[in-house]
Amino acid sequence: MKVFRQKANLDVTLDSLRRSNQKIGFVPTMGALHQGHLSLVRRALDENDKVVVSIFVNPTQFDNKEDLQKYPRTLETDVRLLETITKDDIIVYSPEVDDLYDTQVKAIDFNFKGLEQEMEGKFRTGHFDGVATVVSKLFDAVKPDKAYFGQKDFQQLLIIKKLVEILSLPVKVVGCDIMREEDGLAMSSRNVRLSEIHRQAAPFIYKTLKSARKKFGTKSADKVTKWVMDEFAENEYLDLEYFVIADASNLKRVKRKSKKKSYRAFIAAYAGDIRLIDNIALN
Ligand code: AMP
């Protein structure tokens with residue numbers, strides 16, 4: 001498998017693929033790959049000739065230095081895992097910070113029309129500016145036909161779609177289903193850092209989301225939210241940061257339900273010092 005550390009070298013290879021009319025799919029990741037990432041890669045392989053997987057822990061999207069330092073970095077294992085799918089059609093791009101950022105390791109100040117102010121944006125200052133900055137740099141390096149993002153980070157997916165619209169980029173953004181462990185816990189690179197007791201407690205998040213979906217059929221968003229908060233208050237291993245029911249198109253909180261709209265419920269919770277997020281479609 002080809003692993004590029006430098007944009008300039010990646011560019012030479014991608015250029016020749018483009019000249020022979022090959023379609024390029026792109027899966028941006030921060031590595032510590034798991035089956036959730038691989039599901040995106042498989043989908044991208046189905047829909048393109050070659051797939052670039054970037055593996056880069058992006059410093060500008062972390063508001064917590066310790067989280068950035070402790071983020072798992074496992075390039076060799078990641079490459080081996082990708083090779084279990086195919087050695088031929090995947091290209092890995094895993095740059096050092098300066099290859100993407102040069103000397104300016106700073107996020108651009110974007111305006112996503114309020115999308116960035118909800119949920120993750122409220123609790124992780126500057127997070128989406130950092131995400132959008134690195135994704136715009138990666139899009140520029142890879143120039144993909146299609147790019148694949150997980151609904152696990154649903155707010156991020158909407159923000160990337162908005163980014164593509166704002167910058168008029170010729171890339172189609174594809175949202176992919178959330179992959180889960182057998183007990184329902186959404187796969188995440190952070191799961192390996194959970195203590196045993198917190199790992200056992202964590203499936204409660206998805207279980208609560210599913211119950212919330214059921215209750216939302218007959219109850220108001222406020223009532224469901226209160227119920228979820230009470231459930232978490234009784235759980236000694238998980239600390240709820242937020243539970244929000246929002247319009248899936250603009251992430252505005254639901255005031256009054258309308259049959260014509262799609263809604264999603266979103267959770268962020270701490271299991272010990274590990275922050276986990278998950279979400280579910282409600283209708
Ligand atoms: P990350 O490495 O956490 O930045 O994630 C890279 C991409 O993989 C993002 O588009 C995520 O939404 C996606 N992803 C992460 N976890 C999952 C999952 N459990 N199921 C589907 N996609 C995921």
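## Oxygen contacts of the ligand

Let's start with Met30: one of its polar backbone atoms sits 2.9 Å from an oxygen atom of the ligand. Keep in mind that what you're looking at is a predicted model. Gly150 also uses its backbone here, with an N or O atom 2.9 Å from an oxygen atom of the ligand.

How much of the ligand does the protein bury? On its own, the ligand would expose 480 Å², and the protein buries 92% of that.

## Who surrounds the ligand

There are 17 residues around the ligand, and the ones that come nearest are His37, Gly150, Asp153, Met179 and Met187.

Now look at which parts of the chain they come from. Strand 2 (24-29), helix 2 (35-47) and strand 5 (146-150) each give at least two residues to the shell. Helix 2 supplies the largest share, with three residues.

## Two pairs of packed helices

Take helix 7 (residues 127-142) and helix 8 (residues 154-166) to begin with. Their axes are 10 Å apart, and the helices pack at an angle of about 55°. That angle is why helix 7 counts as oblique to helix 8. The crossing of this pair is right-handed.

Next up are helix 10 (residues 204-216) and helix 11 (residues 221-233), whose axes come within 10 Å and cross at roughly 155°. Angles over 145 degrees count as roughly antiparallel, so that's the label for helix 10 and helix 11. Helix 10 passes helix 11 in a crossing that is right-handed.

How values were computed: Residues numbered from 1 in each chain as written. Predicted model: local features only at pLDDT ≥ 70, side-chain atom pairs only at ≥ 80, totals over all residues. Heavy atoms only, no water. Near = heavy atom within 4 Å. Polar contact = N/O pair within 3.5 Å; in protein donor to acceptor, adjacent residues only side chain to side chain. Areas by Shrake-Rupley, 256 points an atom, 1.4 Å probe, with all protein chains shown as cover. Helix = DSSP H or I, 4+ residues; strand = E, 2+ residues; numbered from the N terminus. Axes fitted to C-alpha atoms, helices over the stretch in contact; angles between N-to-C directions. Parallel < 35°, antiparallel > 145°, perpendicular 65-115°, else oblique. Left-handed = near helix turned anticlockwise from the far one by under 90°.
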